[in-house]
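These are my notebook entries on a structure that was new to me.

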Amino acid sequence: MKKGLIFAVSIILLVTVFAVGSVYFKGKKADKAGSVAMENAEVFNRDYSQTIGGDDAKVVITEFLDPGCETCRAMHPFLKQILSSRPGRIKLVIRYAPLHEGADEMVKILEASKEQGKYWEALDVMYESQPYWASHSNPQPERIWQFLPRAGLDIDKIKKDMQSPGIQRIVEQDIADARVLNVTKTPGYFVNGRPLMEFGYEQLLDLIQSEYNKYYRD
């Protein structure tokens, strides 16, 4: 009986230590991101970054995405819904963390599509066709070219523009910023510089709402 009690107490202590350590680690990570936000806001939103939402929005979501990421694809409609539910008050900033095979080329295509005013159309087509070109077991990024005309793009111009040194610098800068913020998987979210510590729809919504409540009353 005594041994069993000691064992039970030991397990409880271990669980408690793990839980406290986990909270401490998450707190330190959040504090680090907050420090970065205070010292260098550009790490979340560069001048070239694609955005959608109100320019004067008080709530800014920064998403580090990979066009080949299945979870990014699944979250995309959810983010659109959030933006439409609070027009002008929430802004989404797109950053890149191209981790999948061929993702860096997809990012260059997206950046080149800006020249034709078709960024969001290109991103939508990439997500819609993702199962065909970004299969984890057999990725075939070159297949994206058969789908991109759906976005109304001049394909020859895209192929030329995506080779721009400026676009290469954008990719490199986003990767560097992702490293600074310790983004190791996609999607990576920050709301007003605060990192999403536990991934999920509800968790992201709660983080957005907590920031929203600081600035808006409705």
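Is F190 buried or exposed? I note at the outset that the model is predicted. I found F190 at 5% relative accessibility, so F190 counts as buried, the cut-off for that class being under 20%.

I then placed the two residues: F64 is in strand β2 (residues 59-65) and F190 in strand β4 (residues 188-191), so the pair ties together parts 126 residues apart in sequence. F64 has 0% relative accessibility and therefore counts as buried. I also recorded that F64 and F190 form one aromatic cluster with F44.

I next looked up Y212 and Y216. Their ring centres are 4.8 Å apart and their planes stand at 35°, so this pair is tilted. Both Y212 and Y216 are buried.

**Entry on two helices.** I turned to helix α3 (residues 103-113) and helix α4 (residues 119-133), whose axes come within 9 Å and cross at roughly 155°. That angle makes α3 roughly antiparallel to α4, because angles over 145 degrees count as such. The crossing of the two, α3 and α4, is right-handed.

Which residues meet there? From α3 I listed M106, I109, L110, E111 and S113, which meet Y119, A122, L123, M126 and W133 of α4. By class, this contact of α3 with α4 has eight nonpolar residues, one polar and one charged.

Conventions. Residues are numbered from 1 along each chain as its sequence is written. This is a predicted model: local features need pLDDT of at least 70, side-chain atom pairs count only at pLDDT 80 or more; totals for chains, interfaces and linings use all residues. Side-chain values use heavy atoms; hydrogens and water are left out. Axes are lines fitted to C-alpha atoms, for helices over the stretch in contact, and angles run from 0 to 180 degrees between N-to-C directions. Helices (H or I, at least four residues) and strands (E, at least two) are DSSP runs, numbered from the N terminus. Angles under 35 degrees count as roughly parallel, over 145 as roughly antiparallel, 65 to 115 as roughly perpendicular and the rest as oblique. A crossing is left-handed if the near helix is turned anticlockwise from the far one by less than a right angle, and right-handed if clockwise. Contact means heavy atoms within 4.5 Å. Ala, Val, Leu, Ile, Met, Phe, Trp, Tyr, Cys and Pro count as nonpolar, Asp, Glu, Lys and Arg as charged, and the others, Gly among them, as polar. Buried means under 20% relative accessible area, exposed over 50%, partly exposed in between (1.4 Å probe, protein chains only). Rings of Phe, Tyr and Trp (its six-membered ring) pair if their centres lie within 6.5 Å; planes under 30 degrees apart count as stacked, over 60 as edge-to-face and the rest as tilted.
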